[in-house]
Amino acid sequence: MSDSTSATTIASYTMAIHMALEANGHDAAAVFKAAGLSDAPSQDPLDRYTTVQMATLFREAVKSTGNPAFGLVAARFLHPSNVHALGYALLASATLRDACERLVYYFRIASNQGSYRIEESEGRFCLVLEVVADGVAFETIDAWNAFIIR
């Protein structure tokens, strides 16, 4: 496992969290402030948040909404453009297999908190997420995987 202060996620990912909070009647600015983050999520693809910052943001969002499945709510607001090159690579995929292979290769652009791999057996393949950073919020795993499935 890597240190939760060195593992990061692209900051524009928090746009989905901000929009999910606002769409459901919660004060996103207050939640971001409580998490110690700017209330205006960055769209700069070079801006990053640490695992600790992301976990804190999700913890504050869950506390504000009272919804322990908030990651699934945020996933509905996650758009491929929020993860820049990775999102566009997924959209350019002709097949599900192609999308999974691109995710395996390009996921590190969006986050180095984990990595995807494909396992093949008996003519089937399985996309597997391995979390490599300590302290990754369950909500972020829910949000990412729901986004990928969608």
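**Cysteines, backbone angles and a cavity**

Guide: The sulfur of C100 lies 9.2 Å from the closest cysteine sulfur, that of C126, which is too far for a bond. A disulfide is a pair of cysteine sulfur atoms within 2.5 Å, and a search of the whole structure finds zero of them. Before we go on: this is a predicted model, in which local features need pLDDT of at least 70 and side-chain atom pairs count only at pLDDT 80 or more, while totals for chains, interfaces and linings use all residues. Residues are numbered from 1 along each chain as its sequence is written, and side-chain values use heavy atoms, with hydrogens and water left out.

Visitor: Is C100 buried or exposed?
Guide: Buried means under 20% relative accessible area, exposed over 50%, and partly exposed in between, with a 1.4 Å probe and protein chains only. C100 has 7% relative accessibility, so it counts as buried. C126 has a relative accessible area of 41%, so it is partly exposed.

Visitor: Which value does phi take in H84?
Guide: Phi of H84 is near 50°, a positive value in a residue other than glycine. H84 belongs to helix α5, residues 84-91; helices (H or I, at least four residues) and strands (E, at least two) are DSSP runs, numbered from the N terminus. H84 is buried, at 17% relative accessibility. E122 also has a positive phi, near 50°, and is not glycine. E122 sits in the loop between β3 (114-121) and β4 (124-131) and is exposed, at 80% relative accessibility.

Visitor: How many cavities of 30 Å³ or more does the structure hold?
Guide: On a 1 Å grid over the protein atoms alone, a cavity is a set of points where a 1.4 Å probe fits but cannot get out; lining residues have an atom within 4 Å of a point. Grid points are joined across faces, edges and corners, and a volume is the space filled by probe spheres set on the points. The structure holds one cavity of 30 Å³ or more, and the largest cavity has a volume of about 90 Å³.

Visitor: Which elements give two or more residues to its lining?
Guide: They are β3, β4 and α7 (138-149), and α7 provides the largest share, three residues. Among the lining residues are F107, Y116, L129 and W144.

Conventions: On a 1 Å grid over the protein atoms alone, a cavity is a set of points where a 1.4 Å probe fits but cannot get out, and a pocket is an open set with protein on both sides within 12 Å along at least five of seven lines; lining residues have an atom within 4 Å of a point.
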